[in-house]
Amino acid sequence: MYSIEDYCELVQLIDYHMNRYYNEDSPEISDFDYDQLMLRLKSMEAEHPEWVTPDSPTQKIGGSTKREAGVEVEHHVPMLSIQDVFSKEEVTAWVDEVHRMHPDVRFCVEEKIDGLSMSLRYSDGRLTLGETRGNGLTGEDVTANALVIPDVKKIIDIPGYVELRGEVYMSHEDFDRFNALQEDAGKKPAANPRNLAAGTLRQLDSGIVRQRGLKMFIFNVQDAYDNGMDLMSSHAGAMDTLRSLGVVTVDHVLCETAEEIIIAIDDIGERRGEFDHDIDGAVVKIDQIAYRGDFPAGSKYSAGHIAYKYPPEEKEVTIDRIEINVGRTGKMTFRAIFKDPVRLCGTSVMRATLHNADFIREMGVSEGCKAICRKQGEIIPAIIKVTERGEKEFTAPTVCPVCGSPLVKEEDTCDIYCENPSCPAQLKRTLTYFCGKDAMDIRNFGPRYIEALVEEGYVSGIPDIYLLKEHRDELIEKGIMGKEKNTDRILSAIEASKTNEPYKLLTGFAIRNVGRISAREIMHHYHSLWDLAGATVEELVELPDVGEITASSIHGYLADGKHIEMMHRLEELGLTMENEIEEDSGAKPLDGLTIVVTGSLDHFGRSEIAEFITSHGGKCTGSVSKKTDYLVAGAGAGSKLTRAQSLGVPVITEEDLMRMTETEQ
């Protein structure tokens, strides 16, 4: 039924999503979708146990330590995960199994808080170490940050040694406050409380941790001795003792039967919209700690626990209207606006994403209809089903709702576009992207300032950004970009961006399908943007990773008279249109080599190593294949390493890669 190729591809996919969640704090799929991938992998491994290696996602913990965030520390007690189950039948089967071995067993049911784990070590009542989970065996020393979290007790009335484990999280209120400040500063808001909490705990500046308001619940005693207190026999008893000493502990319900456990799980599920924090399940623990070792769940899971994962929360809504907006590239975007807000995953939701006009029509979404809304990944609200149709069907727009220009449907896609570059809505987003980090990287020049400058008539196109210095005194007087100091800082950043490499300018043009990485690769093949503007579609298709659609987009944009005029103006204003000619224009040490990177590196972040490889002539890709020349393997390398070894791809270290480039240094 399954092939080894299918298995390796799935392992590689799960490893990617594990890294996004645990290490980068930036998941791309929902917990539910991730769980489905893991269930499929377990099914494959059940059929083919000979395929299982210690690097399989089913055998390892997803995190890795980040040495830039703190000193690595070896855990006194391994910080393992909890085995997930997805049905009440699985819960009952596990409870019955425990009952058969220990008829007098009791269970604790607790909410599973969606945050990140931290252990606290105390000696003679004083906090001596706070540590993150990391890879389960080693983590990061975050003691300085733990000390500024109000829920963390600095002194506890327990002699001897005690180690507590809990979950660090961010409340909805603090999360909303952070995002409001981000938006006011023209910065990108955080995606969800869990990611923000994880990134905050790893900050080097404990002042930032204090400012953002992290919280913590203790949910386990990891170890305790030499204190004359009974903290390692009953979990519920230990939690009650800690609470009596002022420790903030997670609520627990003591149960004896499967029926009582299911009632407790349902009660938490019904109340999850009332909590001031996110949860992603309910944990069922054997109360008698001595019994737990009789029920191991594998090398990556704690014994004597299971976690019931709730299905994604859904609510029925009435759609009041369909809102149509214009995106940065001119693409129409669609959102459903609800008649009344609903609570989903602890937040008030008033709108949901609608992918495109075809999706709306096929789903039967229209004004006045009733539909089911789900938070995909507990983050993005989306309509998944219409339960009662409205009176009038949705009709896709034919003209731009902002500027009135005719809309064009892109061939072989469901997307419709406004191709008027002067469209006000498109202009604001285009200018914001142009000034953003991925393009010209004009610091502190966020969307709030750009929107004000467009509305006040100072900016109607990209070249106008570089004429703002002529209006300095007027801008300061009106306070459009703040007071004198902030205005001068932004104007200086604008001036400095003139020296950026041409690929950043190409990125800033926001040509469809041309991002920062592809723009840099394209400009490796042309001396200047003028040379690129003279290329034919046929020539562009010959470039690596440039298909016909991308080639047509580039050619169409750079052949347009308005854009040619804009480029001439930018050149006159002093922007760099030509690549700097290197004194040594010979071959680069990594020319023609395709390189894949996996694991944690000592000297580079993931984007930095990709830039390093590209700058030395190589091509950095994300997956191992027969065309891969080298795999750079760092600490914690997973399925990519296994795949490379099976294909005979040479495996090198980070130091090996650096030595390969020394001829150019």
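Hi everyone, let's start with helix α9, residues 258–271: its 14 residues reach 20 Å from the first C-alpha to the last, close to the 20 Å expected at 1.5 Å a residue. Please keep in mind that this is a predicted model.

Which residues of α9 are buried? They are Ala258, Ile261, Ile262, Ala264, Ile265, Ile268 and Gly269. If you look down the axis of α9, these buried residues fall within an arc of 160°, so they line one face of the helix. Here is a handy rule: an α-helix has 3.6 residues a turn, so residues three or four places apart point the same way. Over on the other side of α9, Glu259, Ile263 and Glu270 are exposed.

And what covers the buried residues of α9? The cover includes helix α3 (88–101), along with strands β3 (107–113), β9 (252–255), β10 (279–286) and β11 (305–308).

Strands β19 and β20 pair in the parallel sense over three bridges, and Thr594 has Lys619 as its bridge partner in β20. Next, β19 and β21 are joined by four bridges, again in the parallel sense; there, Val596 is partnered with Leu631 of β21. Finally, β21 (residues 630–633) pairs with β22 over two bridges, where Val632 has Ile652 as its bridge partner.

How many residues of β19 are buried? Five of the five, so this strand is largely enclosed by the rest of the structure. Thr594, Val596 and Thr598 point one way from β19, while Ile595 and Val597 point the other way.

Last stop: the cores. The largest nonpolar core has 51 residues, and those with the most contacts inside it are Phe445, Ile465, Tyr466, Leu506, Phe509 and Leu532. Leaving aside residues up to four places away in sequence, Phe509 touches Ile462, Tyr557, Met566, Met567 and Leu570. Apart from that core lies another, of 34 residues, including Leu127, Ala198, Val221 and Val247.

Note on methods: Residues numbered from 1 in each chain as written. Predicted model: local features only at pLDDT ≥ 70, side-chain atom pairs only at ≥ 80, totals over all residues. Heavy atoms only, no water. Core = buried A, V, L, I, M, F, W, Y, C linked by side-chain atoms within 4.5 Å. Buried < 20%, exposed > 50% of the residue type's maximum accessible area, 1.4 Å probe, protein only. Contact = heavy atoms within 4.5 Å. Pairing = 2+ DSSP bridges. Expected span 1.5 Å × (residues − 1). Arc of directions from axis to C-beta.
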